[in-house]
Amino acid sequence: MSVLIDKFDVFASGFWLTLQICFLAAIGALILGSVVAVLRISPVPPLRAVGTAYVNIFRNLPLTIVMFFAAFGLPALGSNADFLRIPGLDIVFSRLGTDLPYFRFGLIALTLYTAAFVCEALRSGVNAVPAGQAEAARSLGLTFTQNLRYVVLPQSWAASVVPLGSVIIAMIKNSALIGFFGVVGDLSATADQLTSAGGEPFIPVAIGISIGYLIMTVPLGMLLDRIEQRQAVAR
Amino acid sequence: MTTGTVDDVTTSEPLIVLESVNKWFGPLHVLDNVSLSVGRGEVVVVIGPSGSGKSTLCRTINRLEPITSGSITFDGQPLPAEGRALAKLRSEVGMVFQSFNLFAHKTILQNVTLGPIKVRREKPAAARERGLALLDRVGIANQADKFPAQLSGGQQQRVAIARALAMQPKAMLFDEPTSALDPEMVGEVLDVMTSLAREGMTMVVVTHEMGFARHAANRVVFMADGQLVEDAPPTEFFANPRSERAKDFLSKILTH
């Protein structure tokens, strides 16, 4: 088990990279997922159709396939996803700015895929708000946006937060795929680096990596339990 | 003002006009060629058996239910399609629901001031002042900072009426406002509605409260199977219903 201590820096840097991509993908997926959710509940049929199509595609494809499209499809189309080299952000998240684009490709795939699930979690929260609430708001003359902002969303949040948390936990685990699509040095790729290239025994390395993921996911799960208990008391 | 202009007011065009309105829910014909006009200041009570389409009729007037064919005009304007114009029209038509539908996450006062502040862009202080006056009027000013769930059904429904009145509507729609209430709370809600009627508010009231229909309505409209079967002053309707359906309905509800 000495590998855990001797190679701590390798685990730590893998952990840091995975944390970075998860943080960025979570923000991206929350924003994109919110937009898609608004499309899906919009009163305008074509917008609804776009939102539904998005969810049907990205929720039903395996993440591996989405990763393939991002890592091999985008370059084939001549894109290196340079729009993600956001000035300022690429100082904290240095991989955003590197010439090797696979971090950006991985981020795009993870964001697109997770956004579909974020959308559905948000929408289930909206559906949990009794229809009469939105009807009363409409009958007062509130517009669709005002209705969402002042009446529906503040009430849907309570019902959305736990499923949203589960989506983010799933996303953290899904991020383990990026190592197989050219991203060097994330937590899951650390295994390959230490065992194949470094000749370390497999089991201690796997245990070290598992601990790394659990450090990210378990506190999130505990936080969700706390929120759920607080809501149960408030009700 | 001359007597001539007074006559003009009473003969001026009705506020709400439904013409040959049809509404289908899939294969179900819920409104069958319904025509109805409601004058300014008139109180029309809609009664009829369950499933006769009376709630749907009420909800078509502010387009919470879109209609399949026919036309509805409010204050001379045809109901606009979904959008800002419709939102504006809805702000001029108050609606009170069977299940109150108070905003559960907002206090009583916030419920009453949300519309004036966000839709009418009134100053919060002014909206608050009028909100409190309205709550006082319906007898719940001392509960202004509570949440809806802390109030009884009767109190919630009176708040819902105050919320609708805060928009200073031209007409009020009541969709079975007392059907979800415990019996001892029905009176307090009907009292508020009766005083509104006396002040000249234009009202369309779907209800099973025959007492209210008798003493507050200008006209009683009887619906059955999606059709508007009878339209008469209350004294005439209750004393001498013309149709078999109305006779049958009244015999069932008035014998006990």
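The buried residues of helix α4(B) pack against helices from both chains of this predicted model: α7 (131-140) and α8 (144-174) of chain A, together with α5 (124-137) and α6 (153-165) of chain B. Helices here are DSSP runs (H or I, at least four residues) and strands are E runs of at least two, numbered from the N terminus. Buried means under 20% relative accessible area, with a 1.4 Å probe and protein chains only.

Which residues of α4(B) are buried? They are Ile108(B), Leu109(B), Asn111(B), Val112(B), Thr113(B), Leu114(B), Gly115(B) and Pro116(B). Because eight of the eleven residues of α4 (residues 108-118) of chain B are buried, this helix is largely enclosed by the rest of the structure.

Now let's turn to the interface. Here 24 residues of chain B are in contact with 16 residues of chain A, where contact means heavy atoms within 4.5 Å. The area buried between the two chains is about 1,700 Å², with 61% given by carbon and sulfur atoms; this is the accessible area (1.4 Å probe) that two parts lose on being put together, summed over both. In chain B, Phe103(B), His105(B) and Lys118(B) lose the most area to chain A, together 27% of what that side buries.

The count between the chains is one salt bridge, a side-chain nitrogen of Lys or Arg within 4 Å of a carboxyl oxygen of Asp or Glu. The side chains of Glu135(A) and Arg59(B) meet in a salt bridge at 2.6 Å, N to O. On the side of chain B that touches chain A, α3 (84-91), β6 (93-96) and α4 each supply at least two residues, and the largest share, four residues, comes from α3(B).

Local features need pLDDT of at least 70 and side-chain atom pairs count only at pLDDT 80 or more, while totals for chains, interfaces and linings use all residues; side-chain values use heavy atoms, leaving out hydrogens and water.

Key: Residues are numbered from 1 along each chain as its sequence is written. Chains are lettered from A and ligands numbered from 1 in the order in which they are written. Buried means under 20% relative accessible area, exposed over 50%, partly exposed in between (1.4 Å probe, protein chains only).
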